[in-house]
Amino acid sequence: MQEDDWIIRLRGVPAVRDAAIAELRAVLLRGLTRGLANRYGQVVAVEDIVQEALLKILASIDTFEGRSQFLTWAMTVATRVGISTLRRKYYQDVSLDAFNQQDSGRVELVVDKALTASGEQQRKELVEQLQQLINTELTEKQRVAVIAFLDGCSIDSIAEQTGANRNATYKLIHDARSRLKEGFNRLGVTATDVYKVLSNKAAV
Amino acid sequence: MKLDVDQVVELISLSMSSKQDEIGCEDCYALMDQFTEAEMSGGGVPAALEAIRTHLEQCRCCRYEYEALLLALREIR
C-alpha cells in the first residue's frame, strides 16, 4: 500500500476503512510480537496491546504530519503503548517509600572499603565530594528520584508514584545531574578529571 | 539510601555529561519516528535530530522504547 493510501483508506467509507484497519492490525501484530518479545521478562498479550494501540492511532491520526512514513509513526505509537503496559506491570509492586524512609533521606555511598583497599586517594576524594554534593545540593525529591533511577526504577514508574509525568521526572533528574556537575565545577573538578579518575572502574 | 560502586560511577558519569540544552522525553517521543527512519536508512541522522541520540543515551525509558521500535520496524520491512 502507498503511504498516502493509509490515511485515505483509514478515513474512507466503512468497508474500506475496516479493511485498512484489519491490515494495519496485522502489521502491528507482527511488529510488536517481535519488538516486545522478552521485554521486562513477561509473556506479552500482544493482541490486547495491538487493540489499544489501534484505538490510539485512529484517535490521533489527525496529528500525523507525514514527517515519517505512516507505518513508522503508527508503530512508534504502538510501541509506546506496549512498553508502557509492560512497564506498569513490572513495576507495580515497587514503591518509592523504600527509598524515602531510609536514613532520613540522606545518601550513603558504600564504596569506602573498596576504595581504601585500592589505595587510590583520588577516587576516595571524588566519592566523598559526590556524597557531600548529593546531601547538600539536591532536594529530597531529587535525591529520591535519582536513587530510585540508579536502582533500576523506570522514569515512568517514578513519575507515576510522585504524581508527575515522565517529562517532568526526567527534568527533575536532569536538574539534579546539573547541580552535581555545577558542584563539581565549583570544587575545581572537571569532567576530564572525573573520567581520568574513573577510567579504571574495576579498581574502584 | 545507599549507592554501590556501579551506581556511584553511573551517577558521576551522568552528572558530568549533563547539558543545559538536553531535550525531554516528550520531545524525544515526538521525533522518534523520524530519528528511527533516519537510523534505519543508513544515510546518517540530520543534525537537528542528534539531540534524540543524546537523550537516548541518558534515558533508559526512551532507549528501551527505541530498541523495541527498531526491532518491530525491521520485522515488518
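Helices are DSSP runs of H or I with at least four residues, numbered from the N terminus. On the α10(A) side, A:R177, A:L180, A:K181 and A:F184 make the contact, and on the α1(B) side B:L14, B:S15 and B:M16 do (contact puts C-beta atoms, placed from the backbone, within 7 Å).

The model is predicted, with local features needing pLDDT of at least 70, side-chain atom pairs counting only at pLDDT 80 or more, and totals for chains, interfaces and linings using all residues. Residues are numbered from 1 along each chain as its sequence is written, with chains lettered from A and ligands numbered from 1 in the order in which they are written.

Zooming out, 53 residues of chain A are in contact with 37 residues of chain B. The largest share of chain A's side, 10 residues, comes from α10(A).

Then there is helix α2 of chain B, residues 25-41. A kink of about 55° is centred on B:L31 (the bend is the angle between axes fitted to the seven residues ending at a residue and the seven starting there). Buried residues of α2(B) include B:L31, B:M32 and B:F35 (buried: 20 or more other C-beta atoms within 10 Å of the residue's own). Their cover includes α4, α9 and α10 of chain A, along with α3 and α4 of chain B.

Note on methods. Contact = placed C-beta atoms within 7 Å. Helix = DSSP H or I, 4+ residues; strand = E, 2+ residues; numbered from the N terminus. Expected span 1.5 Å × (residues − 1). Buried ≥ 20, exposed ≤ 12 C-beta atoms within 10 Å, placed from the backbone.
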